[in-house]
Amino acid sequence: MNAKILTFFTMKLNDWKQRGDYFDGIFYQLSRKSDEILLCLHGFPTSSFDYHKVWSELTAEYACLSFDMIGYGFSKKPLNYDYTTFNQVDELQKLLAYLQIKRIHILSHDYGNTITQELLARREENRPDFEIASICMLNGALFPETHRPILVQKLLISPFGFLFAKLMTDNRFKQGLSKVFGENTQPTDEEFADFITVFNHHNGKKIAHKLIRYMTERTTFRERWVSALQKIDVPFRMINGSADRVSGKHLVNRFREICPQLNDIIELTDVGHFPHFEVSQKVLELYFEFREKN
């Protein structure tokens, strides 16, 4: 697609919420009914709203589905729930079955990459009743040995994480989140306020220490999830912000060592952890190019 004809419509947070639907307490956006969709997977500690800057252009081309994982965004956030990757993928599979989706293209970010890895592992076990047609990954820690968590993440995963989560102020949340963006691609004050609003919805900070347990799961289930990556046999692209201190250039270097056959990797200089938010037009151009050649 020619970048010159991209016309952006940036949706406000309240509009995003009003346009969504719910299934069993899970908030989702489905652009149109189809049995083949582009599935947009968000990360920690944010929500499907991360995709709002690219949503209008993606939905003009494809039927798109994005949802807030349980414990995130506008979805339910029960206090007594086992927030494992396995349970998150179970919830996703229920949603896909409810929407009668049979074929998915995946665009994933951050924790969404781990969700994708588990989907791939289940695919090896012939468990899903849908086809994975292509995968495009944005920044996200795929290997525990390359993950460089920021201080807020370290505190949340610590034995005192429940206390830190309870006492975490909006300003501390903002400071922590700002550290993973590029120096010249920081969110505006209004955009930071949206991140905070979504995080706090349904008292989300009370379970933040539970949501981040996926960090330890990556170590426990490393063999399962890395093996699934190495066996990818569908069209694949990675779009990575090199300036990301959590999963930037160093993640790409390790990925090339472990998965040399997956060599369609685009590195974006001076871009941080959220390429689809920081340089949305560039990501759209790269994603459309990927789909058109596959």
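Me: Which residue's side chain does the side chain of aspartate 170 join in a polar contact of 3.0 Å?
Reply: In this predicted model, aspartate 170 lies in helix H7, which spans residues 170-178. Leaving aside residues up to four places away in sequence, aspartate 170 touches Ile196, Asn200 and Lys205. Among these, the partner whose side chain is joined to that of aspartate 170 by a polar contact of 3.0 Å is asparagine 200.

Me: Is aspartate 170 buried, partly exposed or exposed?
Reply: Buried residues fall under 20% relative accessible area and exposed ones over 50%, with partly exposed in between. Because the relative accessible area of aspartate 170 is 35%, the residue counts as partly exposed.

Me: Where is glutamine 100 found, and is it buried or exposed?
Reply: Most residues other than glycine have a negative phi. Glutamine 100, although not a glycine, has a positive phi of about 60°, and it is found in the loop between helix H3 (85-98) and strand E5 (103-108). Since the cut-off for exposed is over 50%, the relative accessibility of 52% makes glutamine 100 exposed.

Me: What is the relative accessible area of asparagine 203?
Reply: Asparagine 203 sits in the loop between helix H8 (189-200) and helix H9 (208-211), and it has a positive phi of about 55° although it is not a glycine. Asparagine 203 counts as partly exposed, its relative accessible area being 48%.

Note on methods. Residues are numbered from 1 along each chain as its sequence is written. This is a predicted model: local features need pLDDT of at least 70, side-chain atom pairs count only at pLDDT 80 or more; totals for chains, interfaces and linings use all residues. Side-chain values use heavy atoms; hydrogens and water are left out. Helices (H or I, at least four residues) and strands (E, at least two) are DSSP runs, numbered from the N terminus. Buried means under 20% relative accessible area, exposed over 50%, partly exposed in between (1.4 Å probe, protein chains only). Contact means heavy atoms within 4.5 Å. A polar contact is a pair of N or O atoms within 3.5 Å; within protein, one must be able to donate a hydrogen and the other to accept it, and residues adjacent in sequence count only if both atoms are side-chain atoms.
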